[in-house]
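Colleague: I would like to go through the labels attached to this model and hear what each one rests on.
Modeller: Go ahead; here is the entry.

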Amino acid sequence: MKECIFCKIASGDIPSKKVYEDVHAFAFLDAEPLNIGHTLIVPKKHFETIDEMSSKELANMSKAIEKVSKGVMKLSEGMNILQNNNKIAGQVVPHVHFHLVPRYSGDGHVPEWGRKHNITEDQSNEFLRKIKSFLK
Ligand code: AMP
Ligand code: ZN
């Protein structure tokens with residue numbers, strides 16, 4: 001997509017701190033890292049959100065995710081993989097990307113999200129019924 005910053009990074013039109021590249025995916029350091037080594041992996045083809053991608057297109061990214069993950073795990077003590085879709089979920093750049101965030105002791109980040117303890121059995125079951133109907 002012409003005006004997309006991550007398309008431009010993946011094609012090399014905009015410089016980046018490249019970590020890895022193959023035919024389908026491009027990985028580079030985040031410009032505003034959450035930790036040292038925070039890496040983004042993007043598909044070279046433009047998709048705005050993950051639900052636009054087919055299983056084949058997702059599988060095409062798996063090699064890059066595998067390779068970079070293994071590197072990050074060797075250089076840190078753990079890792080969070082985040083992938084935001086739409087503004088409500090914190091997506092700022094509308095081109096699918098996986099955040100690989102290395103974790104270090106004492107890095108000041110919380111280990112996990114806060115649990116919601118007020119979700120009822122009915123709400124969970126209603127979601128379950130609906131999502132199963134989409135997955136048929
Ligand atoms: P998200 O909020 O999931 O859309 O994440 C977008 C990420 O892209 C943020 O962590 C930004 O710091 C990062 N980012 C935006 N522009 C650039 C860029 N030109 N080079 C590297 N990272 C970028
Ligand atoms: Zn794009």
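Colleague: What makes the pair formed by ligand 1 and the backbone of Val 93 a polar contact?
Modeller: The model is predicted. In it, a polar backbone atom of Val 93 is 2.9 Å from an oxygen atom of ligand 1. The cut-off for a pair of N or O atoms is 3.5 Å, so the pair counts as a polar contact.

Colleague: Which other residues have such an atom by an oxygen atom of ligand 1, and how do you know that they qualify?
Modeller: Asp 30 has a side-chain N or O atom 2.5 Å from a ligand oxygen. For Val 92 the atom is a backbone N or O, at 2.6 Å. Both pairs count because the limit is 3.5 Å.

Colleague: How much of ligand 1 does the protein bury?
Modeller: The protein buries 79% of the 510 Å² that ligand 1 exposes when taken alone.

Colleague: Where does ligand 1 sit, and how do you know that?
Modeller: Ligand 1 sits in the largest pocket.

Colleague: Which elements give two or more residues to the shell around ligand 1?
Modeller: They are helix 1 (5-10) and strand 2 (25-29). Helix 1 gives the largest share, 3 residues.

Colleague: How many residues surround ligand 1, and of which classes are they?
Modeller: There are 16, with Asp 30, Gly 90, Val 92, His 97 and His 99 the closest. By class the shell has 9 nonpolar, 5 polar and 2 charged residues.

Colleague: How many aromatic pairs does a search of the whole structure find?
Modeller: The search finds 2. One of them is Phe 6 with Phe 28, an edge-to-face pair.

Colleague: Why is the pair of Phe 6 and Phe 28 called edge-to-face?
Modeller: The centres are 5.3 Å apart and the planes are at 75°. Phe 6 belongs to helix 1 and Phe 28 to strand 2, so the pair ties together parts 22 residues apart in sequence.

Terms used: Residues are numbered from 1 along each chain as its sequence is written. Chains are lettered from A and ligands numbered from 1 in the order in which they are written. This is a predicted model: local features need pLDDT of at least 70, side-chain atom pairs count only at pLDDT 80 or more; totals for chains, interfaces and linings use all residues. Side-chain values use heavy atoms; hydrogens and water are left out. A residue is near a molecule or strand if one of its heavy atoms lies within 4 Å of it. A polar contact is a pair of N or O atoms within 3.5 Å; within protein, one must be able to donate a hydrogen and the other to accept it, and residues adjacent in sequence count only if both atoms are side-chain atoms. Accessible areas come from the Shrake-Rupley method with a 1.4 Å probe; for residues, only the protein chains shown count as cover. On a 1 Å grid over the protein atoms alone, a cavity is a set of points where a 1.4 Å probe fits but cannot get out, and a pocket is an open set with protein on both sides within 12 Å along at least five of seven lines; lining residues have an atom within 4 Å of a point. A molecule sits in a cavity or pocket if more than half of its atoms lie within 2 Å of its grid points. Helices (H or I, at least four residues) and strands (E, at least two) are DSSP runs, numbered from the N terminus. Ala, Val, Leu, Ile, Met, Phe, Trp, Tyr, Cys and Pro count as nonpolar, Asp, Glu, Lys and Arg as charged, and the others, Gly among them, as polar. Rings of Phe, Tyr and Trp (its six-membered ring) pair if their centres lie within 6.5 Å; planes under 30 degrees apart count as stacked, over 60 as edge-to-face and the rest as tilted.
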